[in-house]
Amino acid sequence: MTLLMQAPAGRITLKQGGGGRAMRALIERLFVRDFATLPFEGVGIAAMDDGAAVRIGDEWLVITTDSHVIHPIFFPGGDIGRLSICGTVNDLAMMGATNVLALTCSVILEEGFAMESLEAIQRSMIAACREANAPVVTGDTKVMGRRELDGVVINTCGIGLTRTVVRDNGLSAGDRIIVTGNIAEHGLAVMAARHSLGLEGDLVSDVAPMNSLIASVLDGFPGAVAAMKDPTRGGVSSALHEMAAKSGVGIVLDERAIPVTPAVRAVGELLGIDPLHVANEGKALIGVHADRADAVLQLLRAHPLGRSAAIIGTCTTERLGSVILDTGFGRRLLAEPEGEPLPRIC
Amino acid sequence: MTNDLQFRDPALARSLAAELKRLMNEIGRPVAVMHVCGSHEQAIARFGLRSLFPKSLDVIMGPGCPVCVTDLPEVDEGVVLARQGVRVATFGDMLRVPGTVQSLADAQASGATIDIVYSPQQAVELAKTTDEEVVLFASGFETTAVATAAVILAGPPPNFSVLSAHKYIPPVMEIVAEMPGSRVEGFLAAGHAATITGSAVFEPFVERHRVPVVVAGFEPIDILAGLVELLDLIRNRTPRVINMFPRCVTAEGNLPAQKQLWRVFQTTGGRWRGIAHVPNGNLRLRDEFAHVDARKRFTIDLPSLWDYAPPALAGQCICGEIMSGIRNPRDCRLFNRECVPETPVGACMVSNEGTCKIWHLYGGVPDLEATA
């Protein structure tokens, strides 16, 4: 009877989509293992990076795809349309492809979905495309029956060219970790809206295309960036664990240096949720060689999206694959989220 | 948030840590002290305070998680009531706590109605919306019991009753102090419980056991300052009660709340899960409130539940020893392997106040320096 507490092994659970360990295990077992055996030259599925890269002449074609589901579809600071453009533009940027050649857009709608909502979503998509200087060049539309799907699902795919591919596994001991701004704003804003916590006010999603911000660093300091990742689902904790494990380093985070707004800190404490575990949609974690860290930081802060950027950590040779949190009082390990965090009240 | 400045000042923390070290040097031997509150463990783990403590100072978490010490048969009573078709309202932490064979979550999965509430008042509101019988499965220490007492005194609707699993902290401190082989030389008492009971409630205990008690709050500086005071008392061999949380706690406590508490409840002996029978450790409803006492109102057929086999891993769980402060999660072979919050084996991995859940949440390694 107690087995009822556990998810049956033969069924997918929500936590396998939460961006944490459970999701990675599923992807590794089901998709990476066999697809990685197919012949491919470049950065492929086995890398489990933000996208893939194929060599074309003396450049790399970066390709990425992302399906977007979110509840509620309209939230403070954005909606599913803005998210679907930014998510893919940002994945390309994290690989170094800040100049987006083209995007595709596939929309699946539920019968009965309000036309007005769809038009609002379309308007945010076009606005985000303009911000990112990224054209949608082809797409697809499907409609499914009532209750066969929850409202709307949007898939986008993107391609971009770069001379240098940036990976998420290039950290070495001594490198500094920079976060490009205040963390946890997207996840908490959506959570507050989803559970009608009445806390919205100061909580606004950070969803934004980061390609021009990232381009300023990659063009301004060629070779300074060792690794990059955007801390989406699973938050800064999940992204740093992944970077540490893939790079074979430990990361010491200085908690007091991590930029967090008072609203996010307060709501996090209220809900019992660590902002380090919460999703961002307009922030990057950038591993930078120590001697360039301050200069890169200044450059980021000069950009509107990077004003609250900060150096938050250092890579070490201790506890490889782990993230150590220095709270200012003492040091402890940072837990890697298993799935999506749930508020204590909902 | 202004508390951040005063009570989360790392420089002040370092000077208090230096003071702890100085006191331990003067004492010149290992010392173990115990706190009895999940919120203390939360703060210690969250801020990595254990790496600031001197190596010879052992700060143990005792039976400070009310959900964790709820005994198996108490959970069983809730499960049976739910299976009998009564709506059981309970706090979220309680849902997955294993009973002898089932948790309330299991009962829910097999068709029973369990409602999660955040306060006793919410359970009363629920009862007002239905004709069904609603039983509040009430867990928690004296702090929470006050809220239960208040709704009972306010005259709840006739379909509302209470299954009390409330516990009373002072008596269990006696048990722990008297445990054979107990190394505990001082107690850090929970500030929020003391807001109700007052700090003077510990005077008889200190008198009897010649062990100091310091009432402390929950910010890092509260805890460090409380430990400094406690070690000072241990060094001077002056067992006393010291209130280090005067911004909330007085000697006599919240008298109107105490009046309500003892008007509705009386202490009775009962088992605390994995620890012992604790004389006066449980809070039961007084006879004049029999009409809202679920144990009097319903026939709870416990044996009907025991035809099922208990879960296999439960035998390896050491929650009882962890809550008694004899062992810690590191000693458990299930911790962070088979036993994780999604699939907990023992109660300590279920509740946010449980030692195992807290250690899991903050990386599973409480003292990085000790295990580097």
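The following legends describe close-up views of a predicted model. Local features require a pLDDT of at least 70 and side-chain atom pairs a pLDDT of 80 or more, while totals for chains, interfaces and linings use all residues. Residues are numbered from 1 along each chain as its sequence is written, and chains are lettered from A in the order in which they are written.

**View 1. The side of chain B that touches chain A.** In this interface, 20 residues of chain A are in contact with 34 residues of chain B (C-beta atoms, placed from the backbone, within 7 Å). Helices α2 (10–27), α5 (104–109) and α15 (355–361) of chain B each contribute at least two residues to this side (helices are DSSP runs of H or I, at least four residues, numbered from the N terminus). The largest share, three residues, is supplied by α5(B). By class, this side of chain B comprises 20 nonpolar, ten polar and four charged residues (Ala, Val, Leu, Ile, Met, Phe, Trp, Tyr, Cys and Pro count as nonpolar; Asp, Glu, Lys and Arg as charged; the others, Gly among them, as polar).

**View 2. Packing of helices α7 and α12 in chain B.** Helix α7(B) (residues 142–153) packs against helix α12(B) (residues 255–264) at an angle of about 70°, with the axes 8 Å apart (axes are lines fitted to C-alpha atoms over the stretch in contact, and angles run from 0 to 180 degrees between N-to-C directions). The two helices are therefore roughly perpendicular (65 to 115 degrees). Residues that meet include Ala145(B), Val146(B) and Ala149(B) of α7(B), and Ala257(B) and Leu261(B) of α12(B). Nine nonpolar, one polar and two charged residues form this contact.

**View 3. Confidence in chain A.** The mean pLDDT of chain A is 91, and 95% of its residues reach 70 or more (pLDDT is the predictor's confidence in each residue, from 0 to 100). Over residues 1–8 of chain A the pLDDT is below 50.

Conventions:
Contact = placed C-beta atoms within 7 Å. Parallel < 35°, antiparallel > 145°, perpendicular 65-115°, else oblique.
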